[in-house]
Amino acid sequence: MFPKTKLIAGTCLAVLMSVGSFATSAQQLNTEQQAQLKQLKTTALQSDLSYQLIESLTTEVGHRMMGSTGDKKSIVWAVNKMKALGFDKVWTEEVTGSYWLRGEAEARIVAPYPHDVVVLALGGSIGTAKAGLTAEVAHFETFADLKAAPDNSLNGKIAFVSYQMERHIDGNGYGPAVGTRVNGAVVAAQKGASALVMRSVGTDNNRTAHTGVMRYKDKVKQIPAAALSNPDADLLVNQLKRGEAVSLYLNMTARTKAEVVATSANVIGEFTGSEFPEEIVALGAHLDSWDVGTGALDDGLGIGMVMAAAHHIGQLPERPKRSIRVILFAAEEVGLLGAKQYVKDHKDDMAAHVIGAEWDFGIGRIYKMTPGVGAQSLNAIRELAQYLAPMGVALAPENNAKGQSDMSALSDAGMPSIDFAPDGSNYFDYHHTENDTLDKVEPEALKVNTAIYTMYAYFVAQAMVDFRK
């Protein structure tokens, strides 16, 4: 056992030395550029600019729901901040969508043991009738259980899905939980339900509910859809365990104003490359947020980081070869509308987007990066990984990354991507809730992550690599 282990270790060491020698012989950054990268790291680690930007956004603007006053204020804020930070070019590109109003939401368990409970309407939901509705609760532990229910078996009832999201460092519990939120109302309506109530997609034990977008389907009856706080979902389950019929009262005034077109905009800023200005390194975040909390984490963190990273690079005495473009996307929360519009607007120059990265998840430090590039360019990524390794960033063995959220639309259009994975263990405690506020930001982790994005952006803007190959 031990001799075999030593042999494997020795083999691995030889491989690492070989890779290191190869990387050194084919380095993308010369000695001067490596020194510049080191200085950028120091600058970002000592700067609180990214935090200052988040503080400014959450204090002076607040929530930024698509089409809201806050959304419009955020566009002005972003343009002014980019100009103040010295971006060479700043502009906006219009994005339109529907205008949804949350209104009020009230719920209580009527019988057998009355309790007021905390709910939030899911984004895009209709409201109840003015008097609300009271109905028996039909309980399903999972979305799959709801799907398996016979058609018309829930006539007149409120469908309740109690599935609880699991906590993971990479947030992979979100996928299994979010299906109910997005499509549950359609399935519940097909079974005859009068409304859908689900346990919030969140990992917290706070008496706050989590909102998020949901969808209706043509030719399927639209029913109200709401999320219940985790403690109240437990309470409802406990009542159901007693074997008696449980009834719930729900009153929601949410609605979409079909007669109003919500107008927003992608806000774009660029530092022009010194040799190949037409080639674009894209840094992304989304400017909008839900109308609960102040959007400090989702996606104030991303906004502060990518703007600060670009600014740090823009202050160099000599710009990197390629242009660095910061894209603050509109209307991500309601369906990636800004990203989809961006791809349409830039269909003729998508090939010029050499690589992209986004921040739209997590609170803690980045611990891993996953590339999504061509096989030939992996050696350049390995060089980048060597620079980032002292920051605690490991290079994933996979090469299949797509951009996060908005950037996924650009990836689908052919842009190579890098995904940075931060510690997201606590992210879904606050995601889409009233608790998404500035005090949840971790300043020291923010500095480290900003430094990583700064170093990444500088490297790929200098490296003369076709990341598609």
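Because the model is predicted, local features were considered at pLDDT of at least 70 and side-chain atom pairs only at pLDDT 80 or more, whereas totals for chains, interfaces and linings use all residues. Residues are numbered from 1 along each chain as its sequence is written, and side-chain values rest on heavy atoms, with hydrogens and water left out.

Rolling a probe the size of a water molecule over the atoms shows where empty space is left. On a 1 Å grid over the protein atoms alone, a cavity is a set of points where a 1.4 Å probe fits but cannot get out, while a pocket is an open set with protein on both sides within 12 Å along at least five of seven lines, and lining residues have an atom within 4 Å of a point. Grid points are joined across faces, edges and corners, and a volume is the space filled by probe spheres set on the points.

The largest pocket has a volume of about 910 Å³. Its lining comprises 31 residues, of which Y174, D360, F361, Q404 and S405 lie nearest the centre. Two or more lining residues are given by each of helix 6 (174-190), strand 14 (366-372), strand 16 (417-422) and helix 12 (427-430), where helices (H or I, at least four residues) and strands (E, at least two) are DSSP runs numbered from the N terminus. By class, this lining holds 13 nonpolar, nine polar and nine charged residues; Ala, Val, Leu, Ile, Met, Phe, Trp, Tyr, Cys and Pro count as nonpolar, Asp, Glu, Lys and Arg as charged, and the others, Gly among them, as polar.

The second largest pocket contains about 310 Å³ of space, and of the 18 residues that line this pocket, S98, W100, G124, R215 and T256 lie nearest its centre. Strand 1 (residues 89-101) supplies the largest share of that lining, namely three residues, and the lining as a whole divides into ten nonpolar, seven polar and one charged.

Two cavities of 30 Å³ or more are present in the structure.

The axes of helix 10 (residues 378-388) and helix 13 (residues 443-462) come within 11 Å and cross at roughly 150°, the axes being lines fitted to C-alpha atoms over the stretch in contact and the angles running from 0 to 180 degrees between N-to-C directions. In this pair, A380, E383, L384, Y387 and L388 of helix 10 meet I452, M455, Y456 and F459 of helix 13, where contact means heavy atoms within 4.5 Å. By class, the contact has eight nonpolar, no polar and one charged residues.

V465 lies in the segment after helix 13. Leaving aside neighbours within four places in sequence, V465 is in contact with Q28, R322, S377 and A380.
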